[in-house]
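Colleague: Could you take me through one part of this model slowly, as I'm new to this? I'd like a close look at the salt bridges, and then a word on the nonpolar core.

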Amino acid sequence: MYQPQFLKKKVDVSKITWIDVFDKIESDRQEKTLRIALPRENPDWNLMTLKEIILHHGAMNTIACHGDYIPHNMIPLFNHMEKYYRTKHMHQYTSFNIESNTLGYHNDTVDVIIVPIIGEMGYRVDGLGEIKMKPGDILYIPKYTFHEPILYEPRATLSFS
């Protein structure tokens with residue numbers, strides 16, 4: 001079994017902007033491949049259901065994009081990750097403040113490589129501890145390894161598998 005690894009400033013993300021992030025969000029919204037990290041059940045939150053959406057008071061949710069569309073400025077990074085790390089899929093996670101809901105403490109059934117593209121963030125990773133990441137850093141998380149994102153500021157992160 002492989003161990004988690006953290007590498008500082010291994011990839012160039014300098015050309016990726018918030019415009020690219022919003023472009024990906026809009027594409028996934030249109031394709032219906034956009035997901036929202038819903039809050040954990042909390043009796044203090046005021047929830048209101050309107051047809052198929054749930055509104056709540058509090059922090060904005062993290063937006064997860066799982067569609068195939070790759071914005072122009074992300075293509076070089078996608079190609080690099082495919083060539084050197086043999087990844088095939090790219091997902092984008094966007095949080096607009098430190099109180100945004102995330103996927104929490106979880107594991108994945110595939111190996112993932114996390115690359116922050118905008119903003120600093122952290123991760124708690126079993127076998128690695130807590131790390132602080134900057135854009136361009138790489139975090140390798142083997143399948144079935146539990147991990148949890150830590151938000152320090154608005155961020156956009158790519159996950160490759």
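Modeller: Let's start with a term: buried means under 20% relative accessible area, exposed means over 50%, and partly exposed is in between (1.4 Å probe, protein chains only). Before we dig in, keep in mind that this is a predicted model, where local features need pLDDT of at least 70, side-chain atom pairs count only at pLDDT 80 or more, and totals for chains, interfaces and linings use all residues. Residues are numbered from 1 along each chain as its sequence is written, and side-chain values use heavy atoms, with hydrogens and water left out.

Now the salt bridges: the structure holds 6 of them. A salt bridge here is a side-chain nitrogen of Lys or Arg within 4 Å of a carboxyl oxygen of Asp or Glu. Take K24 and D28, whose closest N and O atoms are 3.1 Å apart. Both of these residues are buried. They sit about one helical turn from each other, because they are 4 residues apart in helix α1 (residues 18-31). Helices (H or I, at least four residues) and strands (E, at least two) are DSSP runs, numbered from the N terminus.

Next comes the salt bridge between the side chains of K134 and E120, at 4.0 Å from N to O. K134 is in the loop between β9 (129-133) and β10 (138-141), while E120 is in the loop between β7 (112-118) and β8 (121-125), so this pair ties together parts that are 14 residues apart in sequence. K134 counts as partly exposed because its relative accessibility is 41%, and E120 is partly exposed too, at 23%.

R124 and E130 make another salt bridge, with 3.4 Å between the closest N and O atoms. R124 is partly exposed at 38% relative accessibility, whereas E130 is exposed at 52%. Salt bridges with shared partners also link E120, K132 and K134 into one network.

On to the core. A nonpolar core is a set of buried Ala, Val, Leu, Ile, Met, Phe, Trp, Tyr and Cys residues joined through side-chain atoms within 4.5 Å. The largest one has 22 residues, and M74, L77, V115, I117 and F160 have the most contacts inside it. Several elements each supply at least two of its residues, including α1, α2 (75-85) and β12 (155-160). The largest share, 4 residues, comes from β7. Apart from this core lies another, of 9 residues, with V112, Y123, M133 and I141 among them.
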